[in-house]
Amino acid sequence: MPPGSPRVNPRILREGLGVLWVAVRAEPWVFALSVAASVLYAAMTVGSATVLGRVTEHVVLPAFREGRTTAGALALAAAAIVAVSALKALGVAGRRFYAGLMQYRMQARYRRAVTRQYLRLPLAWHHRHPTGQLLSNANADVEASWAPIAPLPMAVGVVFMLLIAAVSILLTDVTVALVGFLVFPAIALLNVVYQRRLAPVATHAQQLRAEVSEVAHESFEGGLVVKTLGRETAETERFAERAAALRDANIAVGRVRGLFDPVLEALPSLGVLAVLMIGSLRLRSGAMTAGDLVQVAYLFTLLAFPIRALGWVLAEVPRSVVGWRRVRGVLDAGGSLPYGEAGPASGSAADLEVRGVRFAYETEDGPARVLHDVSFGAAPGRTVAVVGPTGSGKSTLTSLLVRLVDPHDGSVLLDGTDLRDLRHGGVAATAALVPQQTFLFDDTVRGNITLGQDVPDDRVWEALRLAQADGFVAALPDGLDTRVGERGATLSGGQRQRLALARALARRPRLLVLDDATSAVDPQVEQRILAGLREGGDGVTVVVVAYRKATIALADEVVYVEHGRVLDRGAHAELLERSEGYRNLVNAYERAEAEQEAVENETTEGEALGNETGEEALR
Amino acid sequence: MTALSETAATEGAFSTLRRGLRLTPEFRAGLAGTLLLALLATAGRVVVPIAVQQTIDKGLTGTNGPDIPFVRTAVLLCAVAVLTTAVSAYLMNVRLYRSTETGLAALRTRAFRHVHDLSMLTQSGERRGALVSRVTGDVDQISQFMQWGGLMIIVSVGQLLVASVLMAVYSWPLALLVWVAFLPLAFALRRFQRLVSAAYTRVRERMGDLLSAVSESVVGASVIRAYGSEERTAAKVDVTVEAAKKAQTRAQGLVALTFPTSELVAAVATAGVVVAGTLLGVGGHLTAGELVAFLFLVTLFVSPMQTATEVLNEAQNAIAGWRRVLGVLDTEPDVADPGDKGETLPRGPIEVRFEDVGFAYPGGRPVLHGVTVDIAPRSRVAIVGETGSGKTTFAKLLTRLMDPTSGRVLVDGVPLDRVRFSSLRERIVMVPQDGFLFDATLADNIRYGRPGATDEDLLLAMTELGLADWLEGLPRGLETPVGQRGESLSAGERQLVALARAYVADPDLLVLDEATSAVDPATEVRLQRALDGVTRGRTAISIAHRMSTAEAADEVLVFDEGRIVQRGPHAKLVEEPGVYADLHASWVAQRSI
């Protein structure tokens, strides 16, 4: 991915201001308060210079001259100084607080919007976008979009402050004002140059920071593979290479900052010196008074720092624009899964029909066709087994049955209604899928099974019993309230599968779709699960993807799939009879066994020899 | 020990800094020069305003009107000082950036390596995200501080000191007044800073919650869709978004209060100086010029105090980050590589011996009891048993992913903990059940264990494993990208790749932990047969989930409740009553349909 760091140019600036305008329109009151506070701050900053000047002139100097003063005058002076500062402090606090509030409100608003969109967009869209990218859209990009809000009120205040200062200097002395009009634009201009130079290197560093994180994440996630193959050193080199690139990028950022920061600090000082030089000449000619000159010099030092706030806003603009474009990309993504109006049928087991379904995944090389004209049905209460070799499209088929994706052609009908015509939630109320890869939430056992629905505990336990999970759940320290950790990390693969199964069973679905959902479960345990399903299984239609014969044997009908096509349908015995592929697949073990026995009978005497030749073959 | 070390979390900030500096020598490179430049820059920052003040005082507002030659000389000298300050600040910046970033890159890399060196148990005891942040966010925090706060601290402290000394020189009673005014602020700042840092810790926690909630809605998308729990997930995310916003707003509110507080204290101090100074002046102890100069010094004194809270915050964060990184480095790997002192095993068939091996997970019940077993070189062993009987633990001990709690494991007569990792990992390879793949092409993944393998080697290996047909069916063959965690492939296909990866690594002992559980029977049998062929002459141990594997093995080890209860060839075991016969009977019953 390119660093994506547009420079500050008029177009980007316009776009950036557009983003800010979105925020201003969304939070007009908070923005107004923050700007009001900032203007107060600006006015009081200039005001504090004036107050100190007045105090010196009217209280301090007369006192020194006359050798006496009054308590009233001193109290008034002190009160004025403190009052102006208090107002300034109020301005600072208000500006900071409301700017922050606006920023965080906008972040929250768009994080919600982005997540809602994730939950709304079809899975096909999810498949096209890497997880890391989606996470950073919701996090870093939202944050970047609204980053210029923080310094924005200050910048608005500064503009105001500059106007006051300009008028005030202009009224004092036109010649000295000219110096100001040279220095202030110079600072502003230098700031723009600074941000232009900084933006690309900073964005590059940001990009590399993400890359370093990606490498670390993947490497730690594959930690077991790294360990078992002894690749720690190679992984460290891979990481060190990215870390070194980040180091260089950070040093590049440092060079730019290290150059511009001192220059930006020196510039106002040089301005003050110029004012003094010219001012002293004007002073001699009597064009201005010493007091005026001091006040102008003081204004210069006061403005030197806040004027940089303009630069901060500009600095954030390119990042904000890039972040906003990505966020909009998510929010504007089309292709939602439209829902119909039809309510799900109720009652006992569902009637499933799959008619001429075709499906392809989008890839870089064009669509990869996975299912070609698949048709089959499952009558209410019946069990259908889908059998086929690894990679033949079975999992894709199961995701079509519960409408995780829609077919490109053909249709899936539940009780005679096309899944696309069912209203939102209609499919989930009828059908439950237990996928091959179980996903558990970082929640309690109960939470993972009920998924927030109001399911009484006895029904949860009943589901756990059916899934043969009641034993180990009861042995967990907090039973149903035990937290399972990130993605169920504290449980074994078989335990996770059984919880996922219980999750499906607890909803008493009318159609149960099992995608090789017991592969990590012992055959013995699986037997018990299947027996349980069969006993209480009158009210449910089951579609099961399986390899194990015992599982297949429970089915009333078998659908044999190869390369995305239904090659045959019928009872297990019939398929054994007429389909060679099916026979080879389900009888693989017996055939292997038979051949093994044959080989053993042949080679009992030649075993030692076999080993020898084997070893030679290795060398 | 399975948790990351906590010692760093409890030690003082200075001790952390000292240890951190010791562990990262790059930080100290040229530090003296950098400090010298920093001193120069600081001096400039303080001297220049004072010089300006003096120029105004003596040159412009003197009793005899403006003294132009004096002003000209003074302005020129000041300009030189300003430029010198800028140049030394620039040089200091560049040096500081270079040395800290170099040091941090090294620290980051060292911590990364150390995470990989930690045992599997330690790794899995931590949240993955937490481990990642040790080498990313935590280090970035130090970097951020170094780039901004580190400089600020040096310059601020310098400015504070110089301003203090000068104030005392001008008028010690007034200086005392200023200090007394700021003393409570210094204490208040500490409290404030603690509150602020606690608030930011909360923000980070809430952001962590938010991220995991969002992450679940992305990673668990299909489950959420399948169970129609979009509303509930959205509500869950909303709660975390709201909590994060609240924490952020609270922290912002605190910060928004801190800064103006010092502004107010400064105003009180200034007002006090004006009042007291005027009274002193009336008493003849102070001139008007001295008072004006003193007021100027007060502003110099105040500005570092105002930035102090923010600097301290950054410092606090950086130290916390540093502590977490050191926490990783402090954690001794409980399964350690003997390194150069260890032994290297010569290549050739491997013999394994377990001597009275017991194992218990930390704080858990024992899962293996007194396992003693010999596995002859070149033998093909199957391990069977119910879930939780200790099969996987056995495999993990054999591959030294964990060390036994009692007893020992020997390979070719050498205790496993004395074998160098480089030798051990080359000769013994385990294929775990979950075929994790890296986000790269198929070829990159298959050659992961032997980077030198050419495409021809890979194709040959795939052919030998009987996977050539499958490979040909993929649109881009070896160049097919597998996606994150290999998720573009099906679970069964991932297992095929993981197996090929281990095979290409060419080990002498191959340990398969239900490595083909998601593969269809025909492919599995083909694979099994291919493996039999290619591993002939090597030792192979497979944890079997299908009894067909056991039937084909030379020897079967039957595990039950952490013990080996039966061993022998299938033909013998199936005859005698026991666990194996039961397992086999239920397997046969399942098939004989």
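## Basis of the model

Residues are numbered from 1 along each chain as its sequence is written, while chains are lettered from A and ligands numbered from 1 in the order in which they are written. The model is predicted, and local features need pLDDT of at least 70, side-chain atom pairs count only at pLDDT 80 or more, and totals for chains, interfaces and linings use all residues.

## The two chains

Chain A has 23 helices and ten strands; helices (H or I, at least four residues) and strands (E, at least two) are DSSP runs, numbered from the N terminus. The radius of gyration of chain A is 37 Å, well over the 25 Å that the globule rule gives for 619 residues, so chain A is more spread out than a compact globule. This radius is taken over C-alpha atoms, and the rule is 2.2 Å times the number of residues to the power 0.38. The C-alpha atoms of chain A fill a box of roughly 125 × 65 × 50 Å along the principal axes. Of its 619 residues, 49% count as buried, a term for residues with 20 or more other C-beta atoms within 10 Å of their own, C-beta atoms being placed from the backbone.

Chain B comes to 21 helices and ten strands. Its radius of gyration is 35 Å, well over the 25 Å from the globule rule for 593 residues, so chain B is also more spread out than a compact globule. The box filled by the C-alpha atoms of chain B is roughly 120 × 50 × 50 Å along the principal axes, and buried residues make up 50% of the 593 residues.

## Where the chains meet

The contact between the chains takes 144 residues from chain A and 145 residues from chain B. Two residues are in contact if their C-beta atoms, placed from the backbone, lie within 7 Å. On the side of chain A, the largest share, 29 residues, comes from helix α9 (residues 232–284). By class, this side has 78 nonpolar, 39 polar and 27 charged residues. Ala, Val, Leu, Ile, Met, Phe, Trp, Tyr, Cys and Pro count as nonpolar, Asp, Glu, Lys and Arg as charged, and the others, Gly among them, as polar.

## Helix packing in chain A

Helix α3 (residues 71–120) and helix α5 (residues 131–145) of chain A pack at about 155 degrees, with their axes 9 Å apart. Axes are lines fitted to C-alpha atoms, for helices over the stretch in contact, and angles run from 0 to 180 degrees between N-to-C directions. α3(A) and α5(A) are therefore roughly antiparallel, the term for angles over 145 degrees. Residues of this contact divide into six nonpolar, four polar and two charged.

The axes of α5(A) and helix α11 (residues 308–331) of chain A come within 7 Å and cross at roughly 135 degrees. The contact of α5(A) with α11(A) has six nonpolar, four polar and three charged residues. Asn137(A) of α5(A) takes part in the contact with α3(A) and in the contact with α11(A).

## A glycine in chain B

Gly486(B) is found in the loop between α16 (468–473) and α17 (491–504) of chain B. With 25 C-beta neighbours inside 10 Å, Gly486(B) counts as buried. Leaving aside neighbours within four places in sequence, Gly486(B) is in contact with Gly435(B), Phe436(B), Leu437(B), Arg494(B) and Val497(B). Gly435(B) is 51 residues away from Gly486(B) along the chain, and their C-alpha atoms are separated by 8.3 Å.

Notes. Buried ≥ 20, exposed ≤ 12 C-beta atoms within 10 Å, placed from the backbone. Parallel < 35°, antiparallel > 145°, perpendicular 65-115°, else oblique.
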